[in-house]
Amino acid sequence: MKILVSISKSPDTTSKIAFTDNNTKFDENGVQYIVNPYDEWYALVRALEIKETIGGNVTIITVGNAADEAIIRKALAIGADDAVRVDADPTDAYYTAMQIADYAKANGFDLVLTGKETINYNGSQVGGMIAESLDLPFISQATKLDVNGSTLTLEREIVGGLEVVEVALPAVVSCAKGMAEQRIPNMRGIMAARTKPLQIVAPIAVDSMTTYVSYTMPNAKSACKMIDPTNMDELVELLHNEAKVI
Amino acid sequence: MSTLVYINSSNGLHKSALEVVTYGKKTGDSVTVITTGNADAALLATLGAYGATKVLVDRSVSGQDAQQLTRVIASAAESIGATTIVFSHDLIAKAVAPRLSVRLKAGLISGAIALPSADGTVNVNVFSGKAFGAVKVNSTVKIISLLPNSIQPEAAGGSADVAEFNGNAGSTSVKVLNTKKPEGEIPLPEAELVVSAGRGLKGPENWGMVEELATALGAATACSRPVADIGWRPHHEHVGQTGVAIRPNLYIAAGISGAIQHLAGVNGSKVIVVINTDSEAPFFKAADYGIIGDAFEVLPRLTEAVKKFKAASH
Ligand SMILES: Cc1cc2nc3c(=O)[nH]c(=O)nc-3n(C[C@H](O)[C@H](O)[C@H](O)COP(=O)(O)OP(=O)(O)OC[C@H]3O[C@@H](n4cnc5c(N)ncnc54)[C@H](O)[C@@H]3O)c2cc1C
Ligand SMILES: Nc1ncnc2c1ncn2[C@@H]1O[C@H](COP(=O)(O)O)[C@@H](O)[C@H]1O
């Protein structure tokens, strides 16, 4: 089983979010990058579990620059076999997806796993775009994934419920919470990661389809109004007449 | 300018469907709706009130396979020469809109929270709601996926023409074995009112008072991440940076500290009420109304007050 897992960096969840250059650029000053949680905790770990039960190979791919090799090493330390870095700035989801799809097409994978979304841009775009570009079925937001020979059995979230589906390989799956448990890399994994193969490939020419023109921060909240815990009638009155939400 | 709006009509017409038709009306001259499945034609015609002139319905597919749905929506877009395609940013859109973007070479703006600005950019949530980004599309055709509860549906009257449509869905490789739908629950991302609780509730046996308040208000229930992780509540109720991001009109949080990762998923809420025993809980900084008190006493009291209010206003 050949599995490709796309991994993205995202700012550590406690990062202060600020912008520079007249609010046109994310301020990376002091920002620590981590592996996007959905990619690491669910997609990568489930890929490793599948490999451990039925054998195979887990390749990780990221579209990013040299500084992103820290997250690649982390993913290798958790247990991926080898890594690919497409040497480019991921300008938008389309650009990113076309790079990954191109690599996947040329190298042939049974299964491509992505995270459900990146926690910085929250687009939920890249996985579906890879699938369309490869003309493969796409199961999004899967919370469970099992391989039975040449088919996958998955549980996925649907509007207001859950659905169990079956799909033939090859396929693209985006991974959500429930699929696996986070793994902490051990010393042996960290040592091994240093010598695992990392291939750097040049990007293909693609035009981005979207541009982030500028950013704004939400308005600061006005001071919180404190309510006497024994007077819930007052709260209800305020929610009705002042806030007008009930 | 012709706009195509996709709606999921499998369980009647949800508010989110009315929102996207209204959105389409405000972005284009003529709005055509595309849907699939067995919805009643008379029901679909009522979308005319929100601005749709025509509703195309492909009854050959249910909409469970993203690949088929993409083909159907693409044929509808081509048949009307759509320059804008609008989705509600739900689980179907998250699977289908990116595929459609590649198929039609149309830029996708996902998670829109407002109508396009005068300069053509559209605001979206980024960094899990900690900031907004203004996004521009570089292609002729654009796709916008609108976060639920971002605009209000506006009915003006009128009725839409409903026509059968063959979108050449093709074959599917996805087989649905089983569907589990909780009865009568309000889907969290669409809910206008949400009651949420965290580790301060001590154990799953204490959720009765959360559910009672939710029922009294007609609200959905949610929880913090540790509560879903320990298994006190189902995963789909987990809100925050690594859970569901919501923007209801009212978010009531009881026994939740207000960690930055939790706030990331809920700070788009219009009004936040925080109930916490600790006056130093960070959540109070993000709240509109705060109650320093024990959730075990405050929640039942609030439920009584809501019931009294509802009884009096009827
Ligand atoms: C990468 C990452 C991602 C994360 N993503 C998320 C996410 O998406 N969503 C999320 O929620 N968390 C997330 N977290 C976890 C987050 O940091 C917090 O740990 C979590 O939100 C705390 O949950 P809590 O407020 O329920 O519990 P606690 O922090 O334990 O807070 C309990 C609160 O209840 C109060 N309390 C106690 N008893 C009572 C009572 N009787 N009445 C009223 N109040 C009482 C306490 O004063 C306290 O403020 C993430 C963490 C990381 C590292
Ligand atoms: N720069 C990137 N390199 C590799 N994979 C990425 C990149 N950006 C996004 N992805 C993958 O696509 C998923 C969805 O991302 P998004 O569409 O940005 O929400 C992520 O969880 C990753 O698995």
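Predicted model: local features only at pLDDT ≥ 70, side-chain atom pairs only at ≥ 80, totals over all residues.
Colleague: Is B:Thr70 buried or exposed?

Modeller: Anything under 20% relative accessible area is called buried. B:Thr70 comes out at 0%, so the residue is buried.

Colleague: And which residue of chain A does B:Thr70 touch?

Modeller: Leave aside residues up to four places away in sequence. Within chain B, B:Thr70 then touches B:Val96, B:Arg99, B:Leu100 and B:Arg103.

Colleague: With which residue does B:Arg99 form a salt bridge?

Modeller: The closest N and O atoms of the salt bridge are 2.6 Å apart. The partner of B:Arg99 is A:Glu132.

Colleague: How many salt bridges are there across the interface of chain A and chain B?

Modeller: The pair B:Arg99 and A:Glu132 is a salt bridge between these chains. Polar contacts are counted too, and they come to 36 residue pairs between chain A and chain B. For salt bridges across that interface, the number is six.

Colleague: Which strand gives the most to the side of chain A that touches chain B?

Modeller: That side of chain A divides into 43 nonpolar, 24 polar and 13 charged residues. The strand you want covers residues 161-168 and supplies eight residues. That's strand β11 of chain A.

Colleague: What area is buried between chain A and chain B?

Modeller: The contact takes 80 residues from chain A and 86 residues from chain B. Carbon and sulfur atoms give 59% of the buried area. The total is about 7000 Å².

Colleague: Now for chain A by itself: what percentage of its residues is buried?

Modeller: Chain A has six helices and 15 strands, and its C-alpha atoms fill a box of roughly 65 × 45 × 40 Å along the principal axes. Among contacts in chain A with a separation of 6 or more, residues 24 or more positions apart account for 69%. Of the 246 residues in chain A, the buried share is 54%.

Colleague: How far apart in sequence are the parts that A:Lys74 and A:Glu40 tie together?

Modeller: Their side chains meet in a salt bridge at 3.4 Å, N to O. A:Lys74 lies in helix α2 (residues 69-78) and A:Glu40 in helix α1 (residues 37-54), so the pair ties together parts of chain A that are separated by 34 residues.

Colleague: Which of those two counts as buried?

Modeller: The cut-off for buried is under 20% relative accessible area. A:Lys74 has 33%, so this lysine is partly exposed. At 4%, the buried residue is A:Glu40.

Colleague: Which residues of chain A are linked in a network of salt bridges?

Modeller: Over all chains, the structure holds 26 salt bridges. The network in chain A links A:Arg46, A:Glu49 and A:Asp146.

Colleague: Over to chain B: how far apart do the C-alpha centres of its two domains lie?

Modeller: Domain 1 of chain B runs over 2-164 and domain 2 over 188-313. Twelve residues of domain 1 are in contact with 13 residues of domain 2. Between the C-alpha centres, the distance is 31 Å.

Colleague: What area is buried between domain 1 and domain 2 of chain B?

Modeller: Carbon and sulfur atoms give 38% of this area. The total for domain 1 and domain 2 of chain B is about 1000 Å².

Colleague: Which residues of domain 1 of chain B lose the most area to domain 2?

Modeller: Together they make up 52% of what the domain 1 side buries. They are B:Ser128, B:Lys130 and B:Asn149.

Colleague: With which residue does B:Lys15 meet in a salt bridge?

Modeller: The rule finds one salt bridge across the interface of the two domains of chain B. For B:Lys15, the N to O distance is 2.8 Å.

Conventions:
Residues numbered from 1 in each chain as written. Chains lettered and ligands numbered in written order. Heavy atoms only, no water. Domains from an automatic or database assignment. Contact = heavy atoms within 4.5 Å. Buried area = accessible area lost by both parts, 1.4 Å probe. Salt bridge = Lys/Arg side-chain N within 4 Å of Asp/Glu carboxyl O. Helix = DSSP H or I, 4+ residues; strand = E, 2+ residues; numbered from the N terminus. Buried < 20%, exposed > 50% of the residue type's maximum accessible area, 1.4 Å probe, protein only. Polar contact = N/O pair within 3.5 Å; in protein donor to acceptor, adjacent residues only side chain to side chain. Nonpolar A, V, L, I, M, F, W, Y, C, P; charged D, E, K, R; others polar.
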